[in-house]
Amino acid sequence: MSAMKEEKSFSQGLIAFIEEWKDKPGNLIMILHKVQEEYGFVSRESADTVAQMLDIPLATIYGVLSFYHFFKMTKPGEHNIQVCLGTACYLKGGEMLIEELTGLLGIEIGAVTEDGKFSLEGVRCVGCCGLAPVMTVGGEVFGKVTKDQLPGIIAKFK
Ligand code: FES
């Protein structure tokens, strides 16, 4: 019965998608992608619901979630900051940007600020290496970023 109740927290579209993929090979990754697309992350409740709908152990789901770095298990901040740590950006100081941001925001990589405004991630090449080092805030791209520009960039989103 509780499964029924929890399923209701998924949208009709998501439930239909899961029903459609239920018995197809490779379905779990597809379904978890879809959940993340809808909510921005895969919560414990979502993982529970998927486990019940597919009739698989929760541990199987957590195995997939922790294996693929793409999946987030905690709710991202209102503005998710991604710092590119691909080779070009790394060589041009991507890591230094992360260090500076952890100081400015008071959070580590993978965490969210207390007010829920910002989260911080290191990501692989985002495809504009000519602009290295690159960071994005909620999808907006900033290139050739210097340490000194960071407070201004953050202020823009406050
Ligand atoms: S390495 Fe950063 S954009 Fe390619």
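**Fold and contacts**

Author: From the N terminus on, the chain's elements run α-α-α-α-α-β-α-α-β-β-β-α. Helices (DSSP H or I, at least four residues) and strands (E, at least two) are numbered from the N terminus. The model is predicted, so local features need pLDDT of at least 70, side-chain atom pairs count only at pLDDT 80 or more, and totals for chains, interfaces and linings use all residues. Residues are numbered from 1 along each chain as its sequence is written, and side-chain values use heavy atoms, leaving out hydrogens and water.

Reader: How many helices and strands?

Author: There are 8 helices and 4 strands.

Reader: What box do the C-alpha atoms fill?

Author: Roughly 55 × 30 × 25 Å, along the principal axes.

Reader: What share of the residues is buried?

Author: Of the 158 residues, 39% count as buried. Buried is under 20% relative accessible area, exposed is over 50%, and partly exposed is in between (1.4 Å probe, protein chains only).

Reader: OK, cores. Which residues have the most contacts inside the largest one?

Author: Phe10, Ile18, Ile31, Leu32, Val50 and Ile61, in a nonpolar core of 20 residues. Such a core is a set of buried Ala, Val, Leu, Ile, Met, Phe, Trp, Tyr and Cys residues joined through side-chain atoms within 4.5 Å.

Reader: Which helices supply it?

Author: Helix H2 (12-21), helix H3 (27-39), helix H4 (44-54) and helix H5 (58-67) each give at least two residues. There is also a second, separate core of 17 residues, including Ile98, Leu120, Leu150 and Ile153.

Reader: Back to valine 50. What is it in contact with?

Author: Leaving aside neighbours within four places in sequence, valine 50 is in contact with Phe10, Ile18, Leu28, Ile31, Val35, Asp55 and Ile61. Contact means heavy atoms within 4.5 Å.

Reader: New topic. Asparagine 80: buried or exposed?

Author: Asparagine 80 counts as buried, because its relative accessibility is 15%. Asparagine 80 lies in strand S1 (residues 79-84).

Reader: Which side chains make polar contacts with the asparagine 80 side chain?

Author: Serine 119 at 2.7 Å, and glutamate 121, also at 2.7 Å. A polar contact is a pair of N or O atoms within 3.5 Å; within protein, one must be able to donate a hydrogen and the other to accept it, and residues adjacent in sequence count only if both atoms are side-chain atoms.

Reader: And tyrosine 90, where is it found?

Author: In helix H6 (residues 87-91). Tyrosine 90 is partly exposed, because its relative accessible area is 43%.
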